[in-house]
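Hi everyone, thanks for making time this morning. Let me put the structure up, and then we'll walk through its spaces and one of its sheets.

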Amino acid sequence: AAAAAAAAAASSSRSALRAAPGEHDYDYDFLVIGGGSGGVRASRIASGHGAKVALLEGQLKHGAPGYSAIGGTCVNVGCVPKKLMVFAARYPGEIAEAEGYGWSGATPGAFNWKTFMEYKNTEITRLNNIYANNVLGSAGVEIHEGVGKFLGPHEVEVSYANGESKTVTSDNILIAVGGWPFKPDIPGIEHTITSNEIFYLEEQPKRIVIVGGGFIAVEFAAIMDGLGSDVTLMYRGDMFLRGFDMDMRTHLHEEMERNSGVDIQFNTDPKEIQKNADGSYTVTTRDGKTVECDAIMYATGRKGKVDKLNLETTGVKSENSFIEVDAYSKTNVDNIYAVGDVTDRIALTPVALMEGHSLADTLYGGMDRKCDHEFVASTVFSTPEIGTVGYTEEEAAEKFKDISVYKSKFRAMKHSFPNSETYTLFKIIVDTKTDRVIGVHAATDGAGEMIQGVAIAVKMGATKKEFDATIGIHPTSAEELVTMRSPAYKYENGAKVE
């Protein structure tokens, strides 16, 4: 009896399966609105578990007007094309060090924006087709190229690209519409672009102003600088990358000031933008300064893309455009769920994948899978990269009170040999009471590749003693992570002790 009661309690505490697939009068078991990372993964896994699934996506090919087509922001106007631009932008820096290795006369040549964009478009089209035909098609998911609007908790009107529309019903519905760039309402804002349009500019802007202080702004500042544009980065705060470890933020700032051509302007916010007769633009800041440029890119945050969902017909709660969900991605309405950027948890592609997969397993796979958002690794694809997993020093001191901080700054062999003034910074944060490693941060070449492996150990609860017992790979920069023996300083009861 006790076991039965416990099982009943567990069932009632989670997002229980509303009905086995097909045991209802709706058109579908599972209707997914949005074909991004979270929506695609959830629909594919749910279909694999036997559910009848339909997915709605406004367009199946990348580009205007929706930009984020099948595959979502990441595939179309996010991670994938951005990383391709990162690769392209780093070649001049690599070649600049060639002479230090004996390669006389090496030059990067001239970057051809049009050629790169043609190659990029071909690649994104290939990925669109894979998502539509291989990933979803082979899984038995029914794809509708249309936009969904709620008519009720189980009823959605689908508006198709050809102007037709129809109403469909579903037992469970997943909202996975993602986010959209936010731009402030200032005079001349209509002249600006975002991380959507920059991938479709016909010509490379010779001078570009990038507004924002998050990872998108910082990454594109490095990208456009590497590709040869004159870049001005404006951020209204004191230091970019708010939410990242302060040592990493200041280290990146120092590296960019030393090794890039980016004009970094903190405590600076545009007040007005004017288009000039020759097609250029003048950005006037709140302190009266002006900057002439050929393009202005805003990367000042994103909002949930809920404006056309007609959520009021469902009773689903949202705040500041983001949908509120529980640990199972369920909204306040029992049959409606939401995953990905529209929930404002952690706006990263792998997180959306995890949320969608966990939900499908819970609803249709007979599993009990909450979303675990602790110790999620991430990378800023700046130059140098920042790789991070776990708590920042500031967060750790506040939560754990007693922590030990290990730090190492040095010139990596690759840059030391040609006498480049490029430095690496590693940082490990340890919960002193348990010896558990609760944060690892790296600013170096390939930090993203490096931190993925470290994240496994951190997620598993590795201790500093276990890090120390690991034999390093020599000669690598990463071996520093297992050779830092003495803390740089500690915190006791939340206060720093040198």
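**A cavity, a pocket and a sheet**

The largest cavity holds about 40 Å³ of space. Before going on: this is a predicted model, where local features need pLDDT of at least 70, side-chain atom pairs count only at pLDDT 80 or more, and totals for chains, interfaces and linings use all residues. Residues are numbered from 1 along each chain as its sequence is written, and side-chain values use heavy atoms, with hydrogens and water left out.

By cavity I mean a set of points, on a 1 Å grid over the protein atoms alone, where a 1.4 Å probe fits but cannot get out; a pocket is an open set with protein on both sides within 12 Å along at least five of seven lines, and lining residues have an atom within 4 Å of a point. Points are joined across faces, edges and corners, and a volume is the space filled by probe spheres set on them.

Searching the whole structure turns up one cavity of 30 Å³ or more. Who lines the largest cavity? The residues are V86, A89, R90, E219, A222, I223, F381 and T383. Helices α4 (79–96) and α6 (215–226) are the elements that each give two or more of them; helices here are DSSP runs of H or I, at least four residues, and strands are runs of E, at least two, numbered from the N terminus.

Now the second largest pocket, with about 280 Å³ of space. It has 14 lining residues, and V454, T470, A478, L481 and V482 are the closest to its centre. Helix α11 (residues 447–459) supplies the largest share of that lining, four residues.

On to the sheet, which is open and has seven strands in the order β18-β19-β22-β21-β20-β23-β24, with antiparallel pairing. Pairing takes at least two DSSP bridges between two strands. β18 (378–380) and β24 (495–497) are at the edges with a single partner strand each, so one side of each has no neighbour in the sheet. β19 (residues 385–390) and β22 (residues 437–444) pair over six bridges in the antiparallel sense, and T388 sits opposite H441 in β22.

What packs on this sheet? Helix α7 (residues 246–259) does, touching β19, β20 (403–410), β21 (424–431), β22 and β23 (489–492), where contact means heavy atoms within 4.5 Å. Helix α9 (residues 393–400) packs on the sheet too, touching β19, β20, β21, β22 and β23.

Technical notes: Axes fitted to C-alpha atoms, helices over the stretch in contact; angles between N-to-C directions.
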